[in-house]
Amino acid sequence: MINGNTLWGKEVEAQLSPVKFHETNFISFSGLPNSLYEMLVSTASQSPATIGLIDVDGQGYTYQHLLEIVDNFADYLLTEYGIQPGFCIGVLLHNGLNFYAAFLALSKLQAISVMLPTKYKANEVHALIAKIELNLLIADDCFQPWFVDLACRQLYTDGLSDTFMTVKVSVTKDVVYPKQLLERIAIYMFTSGTTSGSKVVELRALNIMHSIVAYQKLFAFDASLKTLVGTPLYHITGTVALLGLSTYVGGTLVLHKYFKPKLFLEDVIKYEVNLVHASPAVFHMLLREADNFPQLPLLKKFLCGSSKMPVTSILKIKEWLPNVAFHTIYGLTETSSPATFFPEACATSRYLGSSGIPIPGLTFKIVDEAGDELPYNQNGEIVIKGTNILSRYLSQTDSLDEDGWLHTGDIGYFNEDKYLYVIGRLSYIINHGGEKINPADVESEINQIAGVLESVVVGIPDPILGEVTAALVRLDEGYHYSAEEMREKLKGEIASFKIPSRFRFTDAIPLTKNMKIDNKAVKKMFR
């Protein structure tokens with residue numbers, strides 16, 4: 001087992017202390033805030049005039065103003081809707097001030113924010129809502145036609161600006177707001193995947209607060225932080241690593257409603273952004289704009305999570321922006337965002353290709369199919385337990401194991417220096433006539449061919465071998481290959497049975513609504 005408590009040096013280790021939660025002992029950072037709302041109150045008292053949020057229309061809001069808006073909205077929800085601790089409130093809001101106000105107001109009320117994806121269609125959102133009994137739905141006006149027959153009450157925010165942003169709501173003097181408690185359930189969030197197969201992840205304030213403070217402590221973020229949101233706030237990255245972190249340190253959060261690469265980079269310059277945290281898909285789209293933005297002088301750090309970033313792409317970003325430190329991160333919705341951080345700039349590290357080392361509060365092990373722990377440098381399933389791991393799945397059919405370990409379904413290994421290498425998903429392993437093929441191994445070789453920007457390797461049915469490999473490849477401008485030329489370049493680099501039997505070339509790799517590679521869509525392209 002590998003424990004993150006001792007991997008970050010004596011200074012970090014000295015800031016850790018035990019915390020008891022539901023009869024279980026955890027390790028977290030001393031002085032942990034009790035909620036996101038408590039973070040906002042603290043920051044507003046210390047830096048009231050600092051611009052905490054720049055909305056999608058360019059309007060800036062100080063922390064003092066944000067606190068007033070959040071308090072107004074909480075008052076409104078309490079007086080008009082009677083929201084109590086533990087109520088389940090659906091949040092179907094695009095990136096914007098409304099999302100910030102609703103999320104923090106629900107934190108003040110100690111209600112549960114049920115994060116609903118704005119990228120989904122009506123039937124998909126209804127399928128998610130069916131998993132949870134909502135007390136109220138807060139949504140943008142554009143979604144109103146979807147919920148004519150919804151049983152719960154509904155609140156549409158577009159017409160509420162004057163109510164909770166500028167006019168103080170009258171609250172009776174004897175109203176007492178609930179105590180902010182680490183053990184409260186803060187969020188219900190859905191995992192990626194098919195709507196019917198999505199799991200409901202229960203995250204308590206302890207899980208979320210530990211993750212936010214881990215980002216701050218391990219990367220030494222402070223009030224100088226300026227970050228631009230290139231991901232929906234309802235994602236765990238948006239909620240914790242962007243909104244939560246920025247509020248905690250007293251930084252500036254710049255919001256975009258939708259991700260548009262050229263506009264994104266223009267605003268990196270305009271707003272003097274120094275941090276971008278995004279998925280590999282976002283970074284690949286930004287790379288396409290590299291020639292139009294040869295310099296981003298104030299940008300200091302890229303954080304990359306969600307899925308694995310190809311080494312070749314990391315090196316291209318280093319070539320484009322040599323002074324920007326690129327850090328890979330491994331995490332899941334179930335880990336409240338982070339599980340491992342790459343502590344140094346990975347492009348120049350001998351551990352390039354790794355996702356870093358475990359954060360404090362988490363313990364990892366790599367296990368085989370029988371559940372037995374494997375030694376260093378042997379591939380197996382990644383399992384984790386600790387402070388920012390979900391408290392449970394809402395469904396009784398999905399759960400942590402009896403000892404509290406989360407089985408991630410991801411394959412990887414640790415080297416002797418405690419760096420985690422994530423190889424792929426158990427479900428993506430290709431069975432080629434009894435030979436097991438990891439798609440990541442094949443993708444790694446394909447990506448080293450001149451002109452290849454990215455590739456996706458999948459298994460497709462074969463009547464004799466069961467499965468064979470197929471590769472979808474995106475090439476840079478000016479490069480052209482036939483399938484046979486690709487196979488020739490791979491000969492001598494990987495075993496012949498691993499070489500894809502089919503190749504397709506594309507201008508864009510299919511992505512899910514969560515900006516991850518859509519392996520199912522890739523497989524369909526080869527039918």
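Which backbone oxygen lies 3.4 Å from a polar atom of the side chain of threonine 469? The backbone oxygen of isoleucine 499 does.

This is a predicted model, in which local features need pLDDT of at least 70, side-chain atom pairs count only at pLDDT 80 or more, and totals for chains, interfaces and linings use all residues. Residues are numbered from 1 along each chain as its sequence is written, and side-chain values use heavy atoms, with hydrogens and water left out.

Let's stay with threonine 469, found in strand S27 (residues 466-475); strands are DSSP runs of E, at least two residues, numbered from the N terminus. Threonine 469 counts as buried because its relative accessibility is 1% (buried means under 20% relative accessible area, with a 1.4 Å probe and protein chains only). Its side chain has these polar contacts (pairs of N or O atoms within 3.5 Å, one able to donate a hydrogen and the other to accept it):

Now to the cores. A nonpolar core is a set of buried Ala, Val, Leu, Ile, Met, Phe, Trp, Tyr and Cys residues joined through side-chain atoms within 4.5 Å. The largest has 139 residues, of which Leu77 and Phe283 touch the most other members. Helix H3 (residues 63-81) gives the most to this core, with eleven residues; helices are DSSP runs of H or I, at least four residues. A second, separate core of 22 residues includes Leu134 and Phe143.

Technical notes. Buried < 20%, exposed > 50% of the residue type's maximum accessible area, 1.4 Å probe, protein only.
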